[in-house]
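This report describes selected strand and helix features of one protein model.

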Amino acid sequence: MNFPLYIAKRYLRSASKNNAINIINGIASVGIIVGAMALFVVLSVFSGLKDFSLSFSNDFDPDLKMSGTSGKSFHISPAQEAQIKNINGIVASSKIIEERVLFLFDGKEQVTYIKGVDSLFSKVNPVKKNIYQGEWLEPNTNQVVFGYGIGQKLSMGLFDFNHPFEVFVPKVGSGTIETAEGAFNKCKLAPVGIYAISEDLDSKFVFADLGLTQALLEYKPDQISSVEIKLNPNTDEQAVINQLQAIFHNKVTIKTRAQLNDSLYKMLNTENIAVYLIFTLVIIVALFNLVGALIMMILDKKGNLKTLFNLGTEVADLRKIFLLQGTLLSVFGGIIGLALGIIIVLIQQRFEVIMITPTLAYPVVFSIQNVLIVLATIVSLGILASWIASSRVTKKLLEDF
């Protein structure tokens, strides 16, 4: 058997004759357990908050979004559409037109985006599940679906036949504008649905038929703003992107869902890293107790160490005893803390004990990645603390005894 490991396990299991050392060891153990538990719970909470925050934008964000590299629009041929559908990993694709326009209802105005979509849009984005009232629009009609925030600003509801809902789009061209009618393309719309997701998104889009939007903007039948794409799970995004770029001869810009929300992802990741570093600092402070406990143990066992040294044990092996003892204490403490943290997270997931609102539980996510991060942090810092303490075992210390 490995001699230093054998002695380290004996020291770990047996209590010291000095009660003060036992108390210090207990405090060090509790500090490691609580630190590991707290770090895991906090990381799980932030994972839950991250998923919760992204869930709002993900309802309208596709897996991939392809747009032109120059200008607001580009052209797509039937042959290119067929090639897109034949790419492995693509579930569905939808042609999109987005443009800021003016909406008018009962004397109130609102400038926001009209989003023209084709009949496949609901297969790319689960927009129908966010319909708060009414239903999704029918293709090739003047029906529209607007956000709850837009409805509040315009004091507009569904099926109000007394007040028309109109859209105004500046006409393309040059020359002198003599009348207001000559300056705008306009159309009366039929609101049939209201969606509700978040405050920002509820005030951003009015969904309309693609053909209607193309007519308002005077686009050609093959002219669009973007193509939104839904992928199969575990599909290689980069491989699909490369094939799309080949189809369009590298004249399009393709963004993933993360790139579409680049600032949001950066903010959430930065917050996660900051919280991890703060709680790691707390664990470092707690591990000072481990250093103190090991140093007290070294002093308490100085007589035994002197005997082992006289019997021929190398100083390096004597140091290894306390290095292994501190490492084992960190590993066992980390595992116990992780077990407690996992129980807390699973209880919150299952029973929703802590609530943000009466209907919304505090979001937490159990993740193997968080388990590995906590265990790696505790063990690496425990090894460092043990190495610092074990370095106090020197030949001079033993000879002075």
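Helix axes are lines fitted to C-alpha atoms over the stretch in contact, and angles run from 0 to 180 degrees between N-to-C directions. Helices (H or I, at least four residues) and strands (E, at least two) are DSSP runs, numbered from the N terminus. The model is predicted, and local features need pLDDT of at least 70, while side-chain atom pairs count only at pLDDT 80 or more. Residues are numbered from 1 along each chain as its sequence is written.

| α1 | 3-13 | Pro4, Leu5, Ile7, Ala8, Lys9, Tyr11 and Leu12 |
| α12 | 315-351 | Asp317, Lys320, Ile321, Phe322, Leu324, Gln325, Leu328, Leu329 and Phe332 |

Helices α1 and α12 pack at an angle of about 55°, with their axes 8 Å apart.

Strand β12 comprises residues 252-256, and its side chains alternate between two faces. Val252, Ile254 and Thr256 point to one face and are buried (under 20% relative accessible area, 1.4 Å probe, protein chains only). Strand β1 (residues 64-68) runs antiparallel to β12 and is joined to it by five bridges; strands pair if DSSP finds at least two bridges between them. Ser67 stands opposite Thr253 of β12.

Gly134 lies in strand β5 (residues 131-134). Leaving aside residues up to four places away in sequence, Gly134 touches Leu158, Val192 and Gly193.

Definitions and conventions: Side-chain values use heavy atoms; hydrogens and water are left out. Buried means under 20% relative accessible area, exposed over 50%, partly exposed in between (1.4 Å probe, protein chains only). Contact means heavy atoms within 4.5 Å.
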